[in-house]
Structure formats: structure tokens, C-alpha cells
Amino acid sequence: MKEDKTKGEPRENNDKLELKQVIAEQAIEGEAPLSSNFSLRKILGGDILTARIIRRQIWLVILVVFFVIIYISNRYSIQKDLIEIDQLQKELQDAKYKALSSSSQITEKSRESNVLEMLKNNKDSVLHIATQPPYIINVPEQ
């Protein structure tokens, strides 16, 4: 019996060790990351999305994607505003040139020599240049 007992003990220890190893292997298999080595095929195939790391951080990924979309749309709207500002500045410059041109034309037409020339050409007008200098009227103060 001693022999059986001694044979039994190592066998029990072996069984316990094997059981512990099997349990440890199953626990390691369940906890092991599914994506220990990433390849392009796994990424393009969508296997990366089943990785535990990705599943755990999905809300962070969604938040980052949301901020990227906000950033891109903000940049697009800013570029659109800059284009509109450039167009408005060109229109303003054109309007300034037009105003300057109109002002110079009005100044040219309203000069005394041009007004006299127009009065000579238009014979219907009773306006003419004064031949006498203006009178100075002195009003006595009371």
C-alpha cells in the first residue's frame, strides 16, 4: 500500500498540475489579444475591429472621428469665407475706381472753362459771363 500511496501521490500531483495547466491555457486563450500581429490583410478585412483593444476604446475612436469631422467642416467653411472676402475686396476696389473716375469726370465738366463753352454752344441760354465786376454794397450800421 505504501507503494500505491507513493505512486498515487505523484499521480494526483500530476493530475492537479495538468488541470492547472489546462485552466491556465484556457484563461490565456480567452484573454489573449486577437490582434497580436497586425497585417494589412487583417486591417482591410476588418479583423482589427474585433480586437479587444479596439473594442475597449471604441468611444475614444468615435470621439476622435467626431472631432476630425468638425475640424474638416470648420476648415471648409473658413476657406469659403476667405474666398467670399477676396471677392468682396475686389468689388470694393472696383467700386472705388469707378467712384474716382466719376468724380474726375464731374470735376472736369464743372470747370469754369467747360461751363462757358457749353453756354456758348447752347444759344437758348440767357446766362452769360458778367462784364462788370461785382458791386460792393456797404450797409451802414445803426
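Tutor: Start with the aromatic rings. This is a predicted model, and the count comes to one aromatic pair. The pair is phenylalanine 66 with phenylalanine 67.

Student: What makes these rings of phenylalanine 66 and phenylalanine 67 a pair?

Tutor: Rings pair if their centres lie within 6.5 Å. Here the centres are 5.9 Å apart, so the two rings pair.

Student: Why is the pair called tilted?

Tutor: Look at the planes. Under 30 degrees counts as stacked, over 60 as edge-to-face, and the rest as tilted. The planes of phenylalanine 66 and phenylalanine 67 stand at 55 degrees, so the pair is tilted.

Student: Is phenylalanine 66 buried, exposed or partly exposed, and how do you know that?

Tutor: Its relative accessible area is 47%. Buried means under 20% and exposed means over 50%. The value falls in between, so phenylalanine 66 is partly exposed.

Student: Now tyrosine 71. Where is it found?

Tutor: Tyrosine 71 is in helix 4, which covers residues 58–109.

Student: Why does tyrosine 71 count as exposed?

Tutor: Its relative accessibility is 55%. The cut-off for exposed is over 50%, so tyrosine 71 passes.

Student: Which residues form the nonpolar patch on the surface?

Tutor: Tyr71, Phe66 and Phe67 are among them, including also Leu60 and Ile72. Together the patch residues have about 890 Å² of accessible area.

Student: What does the record say about residues 58–78?

Tutor: The unreviewed UniProt entry annotates residues 58–78 as "transmembrane region". In the model, that span is 100% helix and 0% strand. Its end C-alpha atoms lie 30 Å apart.

Student: What share of the protein chain is buried?

Tutor: Buried residues make up 1% of the 142 residues. The protein chain exposes about 14400 Å², and carbon and sulfur atoms supply 60% of that area.

Student: Last one. Why is histidine 128 called exposed?

Tutor: Histidine 128 has a relative accessible area of 64%. That is over 50%, so histidine 128 is exposed. Histidine 128 lies in the segment after helix 5 (112–121). Leucine 116 is twelve residues from histidine 128 in sequence, and their C-alpha atoms are 7.9 Å apart.

Technical notes
Residues are numbered from 1 along each chain as its sequence is written. This is a predicted model: local features need pLDDT of at least 70, side-chain atom pairs count only at pLDDT 80 or more; totals for chains, interfaces and linings use all residues. Side-chain values use heavy atoms; hydrogens and water are left out. UniProt positions are given in the numbering used here, feature names are shortened, and annotations may be inferred rather than shown by experiment. Helices (H or I, at least four residues) and strands (E, at least two) are DSSP runs, numbered from the N terminus. Patches are made of residues with over 30% relative accessible area and no salt bridge: like charges are joined within 9 Å, nonpolar side chains (Val, Leu, Ile, Met, Phe, Trp, Tyr) within 5 Å. Accessible areas come from the Shrake-Rupley method with a 1.4 Å probe; for residues, only the protein chains shown count as cover. A salt bridge is a side-chain nitrogen of Lys or Arg within 4 Å of a carboxyl oxygen of Asp or Glu. Buried means under 20% relative accessible area, exposed over 50%, partly exposed in between (1.4 Å probe, protein chains only). Rings of Phe, Tyr and Trp (its six-membered ring) pair if their centres lie within 6.5 Å; planes under 30 degrees apart count as stacked, over 60 as edge-to-face and the rest as tilted.
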